[in-house]
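Me: Could we walk through this protein model together, one question at a time? I am new to reading structures.

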Amino acid sequence: MVYAVPLQRLNQIIMKSTYHRSWAEPYKIKMVELLRMTTRAQRLKAIREAGYNTFLLRSDDVYIDLLTDSGTAAMSDQQWAGLMMGDESYAGSRNFYHLESAIQKYYGYQYIVPTHQGRGAENLISKILIKPGDVIPGNMYFTTTRLHQELAGGIFADIIIDEAHDPLSEYPFKGNIDLKKLDQLVQTHGAAKIPYVSMATSVNMAGGQPISMANLKALYEYTRPLGIRVIHDMTRVAENAWFIKQREPGYEKHSVREIVKEICSYTDGATMSAKKDALVNIGGFLALNDWDLFEEARNLVVVYEGLHTYGGLAGRDMEAMAIGIGESVDNNHMHARVGQVEYLGHKMEEYGIPIVRPIGGHGIFVDAKRFLPHLSQDQYPAQALAAEIYLDSGVRTMERGVVSAGRKSTGENYYPKLELVRFTIPRRVYTQAHMDVIAESAFRVLKRAKKIRGLKMIYEPKYLRFFQARFEPL
Ligand code: F0G
């Protein structure tokens, strides 16, 4: 008998089709939003007008928008129905109580104060807990989080493990805290100078890298006797839980929901940007277990956000958030969410595009230092690369390097080891075919990488400069 395909290969195909199970989205599409396609000439005009900063592009000029996974999710029919159930009473809205119950049920925190988004909660907790001269250790900085700590008079100290700063390290929990670094800070400054450890799950600036449950437990055991709190940036906690399920021995059979709740149990409170994991377009909260702290937060929120039962949100927003929290901890949702990010990452690796390893939870982080080795960090390689990718295909990404890192209070630039372009994947929004287009575009740009020039900053705002800075090609 003559086989068209060698027998061994045929067996492989049969094995694969019998045993391989692809993930697919646990939803179908009810409504679509049409996208505008542009020409290269139109994109050149748009990026020049935007000062080579993708944050300053109009979204109408963007084809596939990977600027952020923040507030960009597609809500479910249940969430949209929830909007219609908004109780817009000024005080004591029923939706606030739904939100409070969802947070207690899925996260286990006792008291909550809604805020308009994550940074509203960061402002409150920084103002309440930080005294001038205090030190706030954290597993890598996040832009808004660190700025609120500094504005309250605190000094941020990075205590993430060294592997997190190395885009090539395959360590499975690059979000882990180095307890020796923390202990060093305690020895130097004394525990009284450290009001809390700012601990993030799925560390954004490291590439969406998770912290392990073992590390969290060890952290809590260390901090509790010293009276140092652990405040959890839980913006992407469910994605972190998925990685624990995949990678941490003993958690294979636990559900995302169980893991999320266990994570929260080793912390004293949390700030949440619900615009990510919780699948809403706006919203956040501060959650606490300590009644006295909660009383202060409940009082302060009135000054900055709104009454303590709405905190800058409409009743309908709180309802959508309450429903989104429940949907976010579903195993199938998380499988498809992270599966899509991994699909894009593997595709890029096949094309030889240098990316941060292991692949993270909310996007692919391209290593601009390796992509454009001829540019120094002062020539803003990640900023230049994000502009090039937009020019090539209308795919909008963002810089996560020296521009995002900003300046120290002394005026000196921070020079982060990681100089990255983030391809952030909105939740439940794009298809696998979009992922193909994105990877192909990155590959086309890679082929002419040598010709890409750096940028010069011609306008720099005082705070969070990456949002509004303007550049010119060198
Ligand atoms: N913490 C983390 C880890 C974040 O990623 C963000 C926002 C915040 C806090 C602040 O929350 O935007 O609701 O005020 N990250 C967005 C991003 C902006 O694109 O990564 P927010």
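**Pockets, cavities and cores**

Reply: Happy to! The largest pocket has 38 lining residues, and those nearest its centre are Met31, Ala74, Met75, Arg428 and Val429. On a 1 Å grid over the protein atoms alone, a pocket is an open set of points with protein on both sides within 12 Å along at least five of seven lines, a cavity is a set of points where a 1.4 Å probe fits but cannot get out, and lining residues have an atom within 4 Å of a point. This is a predicted model with residues numbered from 1 along each chain as its sequence is written, and local features need pLDDT of at least 70, while side-chain atom pairs count only at pLDDT 80 or more. Totals for chains, interfaces and linings use all residues, and side-chain values use heavy atoms, with hydrogens and water left out.

Me: What classes of residue make up the lining of the largest pocket?

Reply: Ala, Val, Leu, Ile, Met, Phe, Trp, Tyr, Cys and Pro count as nonpolar, Asp, Glu, Lys and Arg as charged, and the others, Gly among them, as polar. Sorted in this way, the lining of the largest pocket has 17 nonpolar, nine polar and twelve charged residues.

Me: What is the volume of the largest pocket?

Reply: Grid points are joined across faces, edges and corners, and a volume is the space filled by probe spheres set on the points. For the largest pocket this comes to about 1,500 Å³.

Me: How many cavities of 30 Å³ or more are there, and which residues line the largest cavity?

Reply: There are three cavities of 30 Å³ or more. The largest cavity holds about 80 Å³ of space, and its lining divides into four nonpolar, two polar and three charged residues. Those residues are Trp23, Glu25, Pro26, Tyr27, His333, Ala336, Arg337, Gln340 and Arg428.

Me: Which elements give two or more residues to the lining of the second largest cavity?

Reply: The second largest cavity has about 60 Å³ of space. Its lining is made up of Glu122, Ile125, Ser126, Thr145, Gln149, Tyr196, Ser198, Ile231, His232, Asp233 and Thr271. Helices (H or I, at least four residues) and strands (E, at least two) are DSSP runs, numbered from the N terminus. The elements giving two or more residues are α5 (118–129), α6, β5 and β6 (229–233).

Me: With which side chain does the side chain of threonine 145 make a polar contact?

Reply: A contact means heavy atoms within 4.5 Å. Leaving aside neighbours within four places in sequence, threonine 145 is in contact with Glu122, Ser198 and Asp233. A polar contact is a pair of N or O atoms within 3.5 Å; within protein, one must be able to donate a hydrogen and the other to accept it, and residues adjacent in sequence count only if both atoms are side-chain atoms. At 2.9 Å, the partner is the side chain of glutamate 122.

Me: Which residues have the most contacts inside the largest nonpolar core?

Reply: A nonpolar core is a set of buried Ala, Val, Leu, Ile, Met, Phe, Trp, Tyr and Cys residues joined through side-chain atoms within 4.5 Å. The largest one has 60 residues, and those with the most contacts inside it are Tyr107, Met234, Phe285 and Ile325. Its largest share, six residues, comes from helix α9 (residues 237–247).

Me: Is serine 202 buried or exposed?

Reply: Serine 202 lies in the loop between β5 (196–200) and α8 (213–223). Although serine 202 is not a glycine, its phi is positive, about 50°. Its relative accessible area is 3%, so serine 202 is buried.

Me: Which residues does a cis peptide bond join?

Reply: Look in the loop between α13 (331–350) and β9 (363–367), where proline 358 lies. The omega of the bond is about -20°, and the residues joined are arginine 357 and proline 358.

Methods
Buried < 20%, exposed > 50% of the residue type's maximum accessible area, 1.4 Å probe, protein only.
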